[in-house]
Amino acid sequence: MAQTDSQSSTFPEIVELNVGGQVYVTRLETLTAVPNSLLWTKFTQSSPGDLPKDGKGRFFFDRDGFLFRYILDYMRDSELFLPEFFKERRRLQKEAEFFQLPELSKRLASGSKDSLFTEDSGDPEEAELSSPVTSSSSSSGTTLRSPGASAGYITIGYRGSYTIGRDIQADAKFRRVARITVCSKISLAKEVFGETLNESRDPDRPADKYTARYYLKYNFLEQAFDRLAEAGFHMVACNSTGTCSYGSNDPGEDKLWTSYTEYVFSR
């Protein structure tokens with residue numbers, strides 16, 4: 001009777017990983033490309049039965065699933081190109097230390113902002129910024145996007161309500177709904193919003209899939225807009241709908257307005 005992967009003493013050529021809920025599929029030779037790294041040790045000095053697995057039999061690592069893409073890129077190509085406005089450098093350095101990649105950790109600690117790291121050079125090369133993405137309005141200038149940053153769209157949705165009293169001269173009474181939704185490719189949403197993204201409504205989805213169920217740990221739209229601007233996005237469209245109702249059947253009572261607005265950003 002043939003042995004299962006969990007019973008076999010050797011690892012398969014194609015390996016499935018679950019890193020913090022994110023699924024990766026890669027080659028065994030990629031995981032063992034850097035001698036004496038944690039992954040090299042796990043996949044050369046152990047057997048499949050020694051490593052923890054998730055419910056689907058994928059090798060599990062309780063680490064940052066989003067940042068692992070950069071760890072894997074480094075091990076695959078012996079270089080790492082970080083997107084412009086990358087805000088997770090310190091966290092990525094911690095991941096590099098955990099996975100026992102001292103060269104990568106050192107370069108992350110000493111490298112300048114927006115750097116191209118390669119194993120062939122001791123110094124980081126300056127990132128190339130020669131491919132600007134032009135705003136939809138020529139008067140608004142240009143937004144620079146690093147060649148390593150992926151293009152795409154992110155839609156921000158926001159529901160809010162406010163009450164206008166019978167005296168229309170009085171200030172409106174606003175009540176903000178503390179939920180700002182995100183619709184985009186999962187990897188793009190995580191790149192931009194990082195740990196401010198709440199994934200509880202749509203967990204354990206691959207990075208190359210799309211979702212409309214994420215929301216942000218922000219109370220103000222401007223916080224999301226600032227983050228998008230820093231990541232090189234600009235707004236390309238916006239639409240809004242609203243309804244009005246009365247607090248009671250008396251038309252003289254306060255009016256309650258409820259609105260839903262979507263903002264579309266592109267990079």
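1. The largest cavity holds about 110 Å³ of space. The model is a predicted one. By the rule used here, the count comes to 1 cavity of 30 Å³ or more.

2. The lining of the largest cavity has a clear make-up. It divides into 5 nonpolar and 7 charged residues, with no polar ones.

3. Next, the largest pocket. About 240 Å³ of space lies in it. The lining of the largest pocket counts 14 residues. Nearest the centre of the largest pocket lie Asp64, Gly65, Phe66, Arg91 and Glu199.

4. Now look at Gln22. Its place is in strand E2, residues 22-27. Is Gln22 buried or exposed? Gln22 counts as buried because its relative accessibility is 3%, and the cut-off for buried is under 20%.

5. Gln22 has a polar partner. Its side chain makes a polar contact with the side chain of Lys190, at 3.5 Å. Lys190 is also on the list of residues in contact with Gln22, which leaves aside neighbours within four places in sequence. That list also includes Leu17, Ile186, Arg205, Pro206 and Ala207. Gly65, Phe66 and Glu199 are on the list too. These three are among the residues nearest the centre of the largest pocket.

6. Then Phe68. Phe68 lies in helix H3, which covers residues 68-77. Phe68 has a relative accessible area of 1%, so it is buried.

7. What does Phe68 touch, not counting residues up to four places away in sequence? The answer is Leu17, Val19, Tyr24, Leu39 and Phe99. Leu17 is in contact with Gln22 as well.

8. Along the chain, the two are 46 residues apart. Their C-alpha atoms are separated by 8.9 Å. For Phe68 the setting is helix H3, and for Gln22 it is strand E2. Phe68 is buried, and Gln22 counts as buried.

Note on methods
Residues numbered from 1 in each chain as written. Predicted model: local features only at pLDDT ≥ 70, side-chain atom pairs only at ≥ 80, totals over all residues. Heavy atoms only, no water. Helix = DSSP H or I, 4+ residues; strand = E, 2+ residues; numbered from the N terminus. Buried < 20%, exposed > 50% of the residue type's maximum accessible area, 1.4 Å probe, protein only. Contact = heavy atoms within 4.5 Å. 1 Å grid on protein atoms, 1.4 Å probe; cavity = no way out; pocket = protein on both sides within 12 Å on 5 of 7 lines; lining within 4 Å. Points joined across faces, edges and corners; volume = space filled by probe spheres on them. Nonpolar A, V, L, I, M, F, W, Y, C, P; charged D, E, K, R; others polar. Polar contact = N/O pair within 3.5 Å; in protein donor to acceptor, adjacent residues only side chain to side chain.
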